[in-house]
Amino acid sequence: MFNGRRSRYWLFFHIVFIYITISFLWWSYLLHRNNAENFREVVDRHRQQYIGTGGDPLRFESTRAYEVIYEDYRRTEWMLYGEGAVFLFLIGLGFWRIRKTFREEIAMTRQQNNFLLSITHELKSPLASLKLTMQTMQKRKLEEEQMRRLGDMALDDIERLQSLVENILLASKIESANFRLNRELFDVSEMVQTIYDRIMDKYQGQRDFHADIEKDVHIYGDQLSFSSVVYNLIENAIKYSGPDAHIRVRLHGDEQNVYLHVADTGTGIPDAEKEKIFGRFYRIGREETRTTKGTGLGLFIVKHVVEMHGGHIAVQDNLPKGSIFKVTIPVGAA
Ligand code: ADP
């Protein structure tokens, strides 16, 4: 998890914290001891005076003078406890904050590294495949059917590059303060159906698809960014499931909201990851060992776009396995 320099900082940070805590406890102990010694000294002095004026030594502790000294001692004790507790609390709070920030920074750096690793691959592999396709077309005399197949492959690669570039652009636009939705009334049913058909066409025979898309569902929203919500959710359902998986897309609406559900019977998402997957660059597992490729931007975009439309997204376990992404978006006012 940590590289050498970070481990050293981490160790140094813990040593400093332990040192501060131990010295604080030591100083508290000394102050406490000092207070007790002081108390004994004052009591002895007053006892001598009391005896000197003919008082009974056994009754000194029930005199008013002793009571005042004792109260003073207790007050100082409580002050030491109180200040000590506040100080310890502040040290603990500071330690917890620094530790949290440190961990967040490490997680962010790891995700950025993952992103760089994945984006390099995501750019390189369709480009290499496109180059190979073009070289084959150039060098060999091909039959019409072969040309068509190669053309399809090239288009797939271009589409992959295009969606990658779109995701990167959209993610950076979303993060900029002046990003505004370009709202208009549009037919979501038509949009979902078109994207669904296109994806189903691409993965024909590789998954079991089913759609339940209500007709004429409209919202007042941003078409371009909303299409990326639909596209990312369906593409993910395919990407994170095997060839025998069932993919279900459901769209329906009522007076207030539009509901889009995308379910798969794929790998599923552990509970501990269900929130994290919406983070920027976040991908489950380590980039070096992962077999599926991606950038960790898809769900980040999906969540932001949905929330910018005033809606929300939730992910649940599907039965017997897989996940269901549920998007709810208010129809909005024109
Ligand atoms: P990408 O797919 O490019 O990695 P996303 O932001 O779309 O990025 O998804 C983030 C992570 O969430 C993915 O890396 C994957 O681990 C997990 N994930 C997303 N959708 C699904 C799904 N339908 N089933 C299982 N895991 C998923």
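Colleague: How many salt bridges does a search of the whole structure find?
Modeller: The search turns up 15 salt bridges. A salt bridge here is a side-chain nitrogen of Lys or Arg within 4 Å of a carboxyl oxygen of Asp or Glu. Keep in mind that this is a predicted model, where local features need pLDDT of at least 70, side-chain atom pairs count only at pLDDT 80 or more, and totals for chains, interfaces and linings use all residues. Residues are numbered from 1 along each chain as its sequence is written, and side-chain values use heavy atoms, with hydrogens and water left out.

Colleague: Why can side chains pair like that?
Modeller: Side chains of opposite charge can pair when their charged atoms come close.

Colleague: OK, which residue does E122 form a salt bridge with?
Modeller: That's R160, with the closest N and O atoms 3.5 Å apart. The pair links distant parts of the chain, since E122 sits in helix α2 and R160 in helix α3 (residues 144-175), 38 residues apart. Helices (H or I, at least four residues) and strands (E, at least two) are DSSP runs, numbered from the N terminus.

Colleague: Is E122 buried or exposed?
Modeller: E122 is buried, at 10% relative accessible area, while R160 counts as partly exposed at 33%. The cut-offs are under 20% relative accessible area for buried, over 50% for exposed, and partly exposed in between (1.4 Å probe, protein chains only).

Colleague: And what does D212 pair up with in a salt bridge?
Modeller: D212 meets R250, at 3.3 Å from N to O. D212 belongs to strand β2 (residues 208-213) and R250 to strand β4 (residues 246-253), so this pair also links distant parts of the chain, 38 residues apart. D212 is partly exposed at 38%, and R250 is partly exposed at 37%.

Colleague: Where do K274 and D317 lie?
Modeller: K274 lies in the loop between β5 (257-264) and α6 (298-308), and D317 in strand β6 (residues 312-317), so their pair ties together parts that are 43 residues apart in sequence. Their side chains meet in a salt bridge of 2.7 Å, N to O. K274 counts as buried, with 12% relative accessibility, whereas D317 is partly exposed at 46%.

Colleague: Which residues are linked in a network of salt bridges?
Modeller: D44, R47 and E61 are linked that way.

Colleague: Switching topic: at what angle do α1 and α2 pack?
Modeller: Helix α1 (residues 4-52) and helix α2 (residues 64-139) pack at about 180 degrees, with their axes 10 Å apart. Axes are lines fitted to C-alpha atoms, for helices over the stretch in contact, and angles run from 0 to 180 degrees between N-to-C directions. The two helices are therefore roughly antiparallel to each other (angles under 35 degrees count as roughly parallel, over 145 as roughly antiparallel, 65 to 115 as roughly perpendicular and the rest as oblique).

Colleague: Now T265: where is it found?
Modeller: T265 is in the loop between β5 and α6, and counts as buried at 14% relative accessibility. A polar atom of its side chain lies 2.8 Å from the backbone nitrogen of H246.

Colleague: What else does T265 touch?
Modeller: Leaving out residues up to four places away in sequence, T265 touches A245, H246, N318, K321 and G322. Contact means heavy atoms within 4.5 Å.

How values were computed:
Polar contact = N/O pair within 3.5 Å; in protein donor to acceptor, adjacent residues only side chain to side chain.
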